[in-house]
Amino acid sequence: MMALRLLLHVALLGLGTTQSSVQGRRHFHRPVLAWPSFFDANSPLEVQEIIQIPKNGSSPLLVDVQVVVSNVFNVDILRYTMSSMLLLRLSWLDTRLAWNGSVYPRRMVMRPWNSLWTPGLTIQEALWVDWQDQSLRAQVDQDGHVELHLALTTETNCDFELLHFPRDQSDCTLSFYALSNAAMELEFQAHVVNEIVSVKREYVVRDLKVQALPQQLVPCFRVTLRLQNTALKAIIALLVPGEALLLADVCGGLLPLRATERTTYKVTLLLGYLVFHSSLVDGLPSSSSCNPLLIYYFTILLLLLFISTMETVLLAGLLACGHLRAKSSPGPAPRGERQDPGNPGPNPEEAPRGVQGPWRSWAEAADHTFFLVYVAGVVCSQFVFAGFWMWTTCKSDPAPGKDAPHGGQPRL
Ligand SMILES: *[C@@H]1O[C@H](CO)[C@@H](O)[C@H](O)[C@H]1NC(C)=O
Ligand SMILES: *[C@@H]1O[C@H](CO)[C@@H](O)[C@H](O)[C@H]1NC(C)=O
């Protein structure tokens, strides 16, 4: 908000002298005692002059920036955003504001920020910025050193690397641009201080870096925050139920094939897993590159459960078919024939010897083989996934703007 106002201010200055001089004068506080001669002369032109950027010969004006990160909250991986609170301490030298100490013996004065030149800052990644600029004042000392403190809350876009979610770590950047100045006029010297005290966070800031970006037409500096996910919630809410379902499914293979409960059991597990899967897909972010490995893991889990349920249903169907055949052929199945009218289908208690011959032994042998293969498959899939988890790395595709010949950073 403040950056915008500053920009507007500079724009107004460029538009017309009468308008800007009125704006400049409204906030003009003149000290009682001998202020530097510059302010004694009340001409609009001179008031306008101190709102221009101070000159430093042929080299750019050096503005020292200290970025204090006081909080990072609300990291939203579904929307790829992060909210943070920062304090910027800007300082520079504007000799036009210096005064004669023996005439006006104050060491330091406060002045409204819009009565002198201040750099207007814009954050490139920001969705919104809330500059807390009520009664904002700049400190000016005898020699003309200006110090300005800006507090801001902002929500910014961040390309989280979620391949290893929920143990992910990403670098988020905040690029500050002084769009109203050219790089020949202004240069930033940035430092960063970590003053985050709260640790009760899902995402913790592991590292903070700041760098001034050279070779830009607009002066800028970039703060990089390394965020690490420390949440246990995702592991408890996602991995544990998934593994438990898989284990329950493997144990379901121990039920005899002739028991009708086995089909019911497996279908119930599959249904339960489908509900879990859909809520899980809602809870995981997706992007065009480097999706979380967990998405693939849970899809493989779904396939495994599906295959095992299908096998149970198919073999139970084959058994029922064999049972019918056994029933229709006379001789070998007298008891099954006697007891079965009105009760079709495989039934362990009532027709144990009814389903005889090649069908039953074949189905049970197949079921036994499948069980062994399935257990091996499940164990293998876990190891393969663990291997993928350890060794896979992913480099996100470059942003579309980075590839284009004139893309990238804003230029004037
Ligand atoms: C002016 O530029 C010189 C050389 O870059 C630098 O050492 C000096 O601090 C600058 N002065 C101000 C007021 O920025
Ligand atoms: C400051 O003011 C005193 C008294 O008017 C004068 O003697 C002195 O030269 C001034 N100093 C500067 C640096 O202008």
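These legends describe views of a predicted model of a protein with a ligand. Local features need pLDDT of at least 70 and side-chain atom pairs count only at pLDDT 80 or more, while totals for chains, interfaces and linings use all residues. Residues are numbered from 1 along each chain as its sequence is written, ligands are numbered from 1 in the order in which they are written, and side-chain values use heavy atoms, with hydrogens and water left out.

**View 1. The surroundings of ligand 1.** Asn56, Ser59, Pro60, Leu61, Leu62 and Leu93 surround ligand 1, each having a heavy atom within 4 Å of the ligand. Sorted by class, this shell holds four nonpolar, two polar and no charged residues.

**View 2. Polar contacts of ligand 1.** A polar contact is a pair of N or O atoms within 3.5 Å. An oxygen atom of ligand 1 lies 2.3 Å from a polar side-chain atom of Asn56, and an oxygen atom of ligand 1 is 3.3 Å from a side-chain N or O atom of Ser59. For Leu62 a polar backbone atom takes part, at 3.0 Å from an oxygen atom of ligand 1. The protein buries 54% of the 360 Å² that ligand 1 exposes when taken alone (Shrake-Rupley method, 1.4 Å probe).

How values were computed
A polar contact is a pair of N or O atoms within 3.5 Å; within protein, one must be able to donate a hydrogen and the other to accept it, and residues adjacent in sequence count only if both atoms are side-chain atoms. Ala, Val, Leu, Ile, Met, Phe, Trp, Tyr, Cys and Pro count as nonpolar, Asp, Glu, Lys and Arg as charged, and the others, Gly among them, as polar.
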